[in-house]
Amino acid sequence: MPAPATSPRRLTLATSAIFLALVVLGLTFVIPFLWQILISLSSLTDVDLLSQTGFPPVLKPGNYPLVFEKVDFAKYFFNSFFVAGWVTLLQVLTSSMAAYAFSRIAWPGRDKVFLLYLGTLMIPGVVLMVPNFAVVLALGMFNSYWGLIIPGAFTAYGTFLLRQFMLTIPPSLDEAASIDGAGHWRIFTQVILPLARPGLIVLAIFSFLGNYNSFFWPLILTKDDNLRTLPIGLLAFDSTYGRETPLIMAGSLMAMIPPILVFLFLQKYLVRGIQLGAVKG
Amino acid sequence: MIGSARKRLLIALAFLLPNLLGFIVFTAGPVAFSLVMSFTDWALTRHNRYSDTAVQWVGIENYQRVLVGDEAHLFWDYFGNTAFLMLGIPLGIAGSLALALMLTALPAPASTPRRARYALLGIILTLLAVAGTWLLTTPGPPPDPASGSELLLRSTETGLTDLTRYDVARLRSNAAVLAAAAAGLVATSGLAFGPMFFRGLFYLPSLLSGVAMFLLWKTLYRPEGGLINAGLAPILGWIDLAARSSPPLLWHIAGIALAAATVLAALFLVIVGLSRLIHRDSGPASFVGRLAIVATMLAVGLGSAYVLVQLPQRSLLPSGRAPLSQSSLSTVIDRLATDLPSAPPDALRRAAAGLGDTPRTTDAISALTAAAGDSAADRAAVTRAVLDAAPLVYEGLTSGDGLQPPLWLVDARWAKTALIIMGIWAGLGGGTMLLFLAGLSNIPPELYEAASIDGATGWSRFIHVTWPQLAPTTFFIVIMSTIGGLQGGFEQAMVMTQGKADTIVLAYYIYNIAFTDQFQLGLASAIAWVMFILIFAMTALNFRLGSQMTGD
Amino acid sequence: MRALIAGLIGVWAILTAFAYTVVLPDERGDEALALAYLDLGPAEGPAGTIVADYLAHYRSQNPQEHPTPEQFRTLPDAERSAFAALFRDWYDRTQPKPLADAPTLVWSTDDNPARRVQCHLFRVWHLRTFGEPLDIATDPSNRDTTKTVVQCVAGAGPDLIESYGPSQLAQFVDAGVALDVTDLALQRGFGPETVFSAALTSMSRDGRQYAFPCNVGYTILFYHRDLFAQAGIPEPPPQGWTIEQMLGAARKLTALEASGGRRRVGIMGMSAWAMALADGGVFFNDKATASIFNSPETVAAFRTFQELMYLHQVMPTPAELASMAASGGANMNMGAEAASASALFSAKICAMVVDGRWSYVTFARRQLDRVIFPALQRRIAALESDSAREEARLLKDAVASLTRDVLVPISDRQHELIEAALTPQDRAELLNLGVAHIPTTTGTPFYEAAARVAIVNRASPRAPLAARFLEFLASEEYNNQINFTFDSISGTPGIIARNGISGPPRALPGLEAFDSPVFVDAMDSYAHPKQLSPFVGDARVGQLAGPVIEQLTNNLIGPAEAARLIENRINAQIRANLLRDAALRALWESLEGKPFDPDVPLRDQASSAPPQAPPARPAPRAHQPRHHAAPALPAPGAHLRPLPLAAVNA
């Protein structure tokens, strides 16, 4: 780490200034969320009033249980969590292997194949929807967990991200390992993966969140209520029947809890990765 | 490297295989399919599994239509909107990098006792702040109901509450106390947990699902009573006061100076970039990046300059009409002589003279109507004449009575800026910051040690060690942001503006082509591939640079 | 790290087991069907016989009687579920196939309480009509048809597809997704003759029927009767009034309110588009070969529209509107923007609003929260001290039901008690609404109406079963439910004529206008379907015209330029489409009877005649609905036939 590696751990003028800036900036991040919480606690009829009073005239904590009462929120919770978890595990696995092949092995045509990978990211997904759906249907994955999990497990995005991380690992390390007689699989698992840990964690966080909050693909791929995920479940409060803003806000605030836990859990490893990298590097 | 080229290929394939299989089936296949289809007239209403009509090969017709043909005006129009929204990307990336550097520079509290001491200090300060806010804002005991409690607010909907002045003061006090508590909480947690806390806090927006965020910001952006404009109003009030109590020339000079400075700085940056390009100090990609920064700088600088120049002219109406002048008023009176022969011209002239040099249109209408005889027909004729004489103008920050905050999502001139601000808020502490943090943590410390032996500190250490080491990460971020910027903006436009106020972006456009009317997926694919070419050109440039820089 | 990965894989393996054993098999269908059986009761037909057998079995096992269907309907949900579980167990034991094996139709529509009620009605209706269990489930879609289209063209769509208006129907028909039900409809009595003529284009194309209306959508004028009385203005006459008359009233009603300092506006929700069409503007010519929108009538209507906001200032500008409200209230069929209009109206911030019949929900909530519930609380307290416990209990039940859902029917006795509980002050506080036809320049009302319809997916293996749902949409049960719960009105004039549009739940005090015959009159006599052209897509028309209308609304361009721009853009698009597509050109030339010349402006070479207005209602009804004996519609404005558009133009 650049600065703290040399500076003593106490509040200097510079760090105080940084701290102050971060607190002010932090407030601009907190206030919209505070606002969201206030909306989620007010009655639908008072939402418009809120901007003038700053606080709901009548607090309605009952909005939170109401979300569970009106839709099968617990089930949607589980589905989102479950599907996002599997996709993340599979994606990190396949992407890290592919990234190894793209960054640590020099093989003919490597960069061309990689550009092909990269190129597919540049096509807007809207036009891929119909062929993609046809593929999933042909594989018999429509309206099942398989359809929600498998197509998300092999992404060019994850490969690209991890390749970039692995590129920063000095080549001398795996050269030294191969001189020691280690094969590619051992170099991959014992040298590269531990060093690319921040990248792996970042990909895991992105992948989990992306799939947890994803809307369009699960919407198109399911028709059974038992397979619905959270964003689709929240649709019930934004139907043509009306937009129940407080319930949407309450629902989406509760939906944030698992990702927050996942983030807190994973960021611990992110930090450890940093220290580990510092020791080994 | 181990083994022969052939062996390496086999090993690489083995590593690649799990990903490659899925990639071909779920990504490459459909992508290739869409490429083929972009040369056909594929439309879902005509060609699907129910119909025998064969898809016709139309060659490059779809591309022609998009780039120069009948779709071109829409495509380039929406491309312009998309490009404007993408101005936020360089700002966002720079902000994220700054944030990541700040977080890395902030030491984590080392020991638990120290942590506890900080937390205690924070809690005490918070309690003091909360108590102080409460004392300052609380409205005291409720007024005697008999003495009459003035209704201040009527609920806009079915609300249970009509609120008196006292009720509103009480609620606002609650809000202020809550804000103070939040500020204290942020400071306390920051003291106790250091960077870890801030990292989580800044990442929060990325955890919120899209639709909820858009709805939230829609309420924040309300022109009247929205939280943002409520915060802007006092600031604009001060600026207004300053503008009132100083000569207009000052603001004109300030505006022109800012514009000139911006243009000069932009020129300088471009020239430096060109010379580096010519001397091969840097690749074309960094020049493109430089251009993006210059474009953002020009937009921000010239926009602010325009606002500065407009400042003294505070009397623009919210409907976007310029104030009248005495000469335009005489045009109005001339016209009324024919439109409204019954009105006495002398009375009209006297009324006009009494209005001052730059009357507001509403004042002019009421004065002239009164002079003309005050009937509904008079009012209609006068209004038409006055509005025709007052040209529409750029609204800027200014309007009727002093400076008014913008009509964020309604006004086509502010809507895109509003979306950019929201995008920066959502993205500043998000994935980009996380990637930079991870990238920073991957930089081997010995590089810094070596640099400090060479005597490098601060900026030069950043330029010579941090920035080059971050290159692969930055490369990834730039590419992904560009892709995201060109492909994004669809849901925002849907939820926040319903595509109004000139916020339709390319993604929205492709969606409309592909999934309304005839479902022209062939044409939509062609548009997608045009976008592909745009992004690919930029990436290819960057890719070459990325390879050079990592020495790979 | 390794331990972390191993742990995660382990946890997710357990979660997978949970997903496949608990979440996926979670079946509600059989309980829903059991409830349908019990609601049906021991009626005639095979399903009723099954229930009768079950009741006999129940009697042999239990000392108490099983509740009758009437009693059963009023039981709390938990008890209903318990009875349903008993029935299901018996059914699965005694019948050849368990209840869970009954086929399930998937209906793509939005997920809301009204749809759940309708699904239940369908299950009961199907048991009664066909004697066998058939389940139905809704599958939510996003706001447009993307999901359904992607699924359908690949052959995996829902069994029943929801579509709104003629252009969406055309898409599904052209794509070959929609099942042609013309013959079946004739045979089973849900053909075009049972439907409002303005709704026909939403369910038929080229003379073939593909759908049946769920309801019809249009907006109408609501006003505050007390505000009119205060200002001494006569209320709008039921047969419609002119813009000039409306303006006179709106000017008087637009005022600065003393309390709150908020301006009250005269009217909200008038749209430039609707005004142009109502005042004689015509979008396409008679052959739909060119747009003839740029006419003096359109310009005049656009001018009036602008003047409502910027000259007379009786209608809020978009900027004012954005300040007034940003979040939506409950509102069927419309986006949040329209919802805020009805919200502002119910706060008496505007005196008149153009809105749909579905806004009842918003107004009823306001009525209850603000006046009726407080009054009832006082009354209940008084009654309990007077030891009139029975009445207090009835009122408490009413409050509980109405709190859960304003559309829950309550008994007549409860209505009487509510009426009695309202003091004169309460009555003054109540919203007192009137409803009238939309004002137009000529005074002849005009509505552009479309129907929300259900289409049968041709590729569905259950298509024949799904077609029964269309028959259900023509049934009394369904249409009464739509009409009685204020979900606009149903598309079936015969059933409306027989049963009216008011039934349980009765409209709350002050909202009786929601049962006004004007709603039926609007559809019956003055509604017109939207004009479509085969030469330019409807969505593209919206895309091209939308920004112009927006500029017009924001007073950035004048009316003449707006009309000119819209017509030019549409015609330029038609020209480009004709140049590109030979088949389209051939169609154009056969319609016009002359070759298409790309160098001549489209409007100059195409027909300039406006379309002949079809009679708002087909004169003779060839087939009466199956249930017969439809009396003539007693609508007060029924004698007023709209002038043919040509006459309006002249």
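Q: Which residues touch the most other members in the largest nonpolar core?
A: This is a predicted model, to start with. B:Ile510, C:Tyr37, C:Ile267 and C:Ala454 touch the most other members. That core holds 393 residues.

Q: Which helix gives the largest share of this core?
A: Helix α4 of chain A, residues 73-103. It supplies 17 residues.

Q: What is C:Tyr37 in contact with, leaving aside neighbours within four places in sequence?
A: C:Ala47, C:Ile50, C:Val51, C:Phe87 and C:Leu127.

Q: Switching to chain B. How many helices and strands?
A: 23 helices and two strands. Chain B has 552 residues, and 45% count as buried.

Q: What share of its contacts with a separation of 6 or more comes from residues 24 or more positions apart?
A: 72% in chain B.

Q: Which of its residues are buried?
A: In α10(B), B:Gly255, B:Thr262 and B:Gly273. B:Arg280 follows the helix, with a positive phi near 60 degrees.

Q: And how many residues of chain B are in contact with chain A?
A: 108, against 97 residues of chain A. Helix α1 of chain B, residues 5-37, gives the largest share of chain B's side, 21 residues. That side divides into 69 nonpolar, 32 polar and seven charged.

Terms used: Residues are numbered from 1 along each chain as its sequence is written. Chains are lettered from A and ligands numbered from 1 in the order in which they are written. This is a predicted model: local features need pLDDT of at least 70, side-chain atom pairs count only at pLDDT 80 or more; totals for chains, interfaces and linings use all residues. Two residues are in contact if their C-beta atoms, placed from the backbone, lie within 7 Å. Helices (H or I, at least four residues) and strands (E, at least two) are DSSP runs, numbered from the N terminus. Ala, Val, Leu, Ile, Met, Phe, Trp, Tyr, Cys and Pro count as nonpolar, Asp, Glu, Lys and Arg as charged, and the others, Gly among them, as polar. A residue is buried if 20 or more other C-beta atoms lie within 10 Å of its own, exposed if 12 or fewer, and partly exposed in between; C-beta atoms are placed from the backbone. A nonpolar core is a set of buried Ala, Val, Leu, Ile, Met, Phe, Trp, Tyr and Cys residues joined through C-beta atoms within 7 Å.
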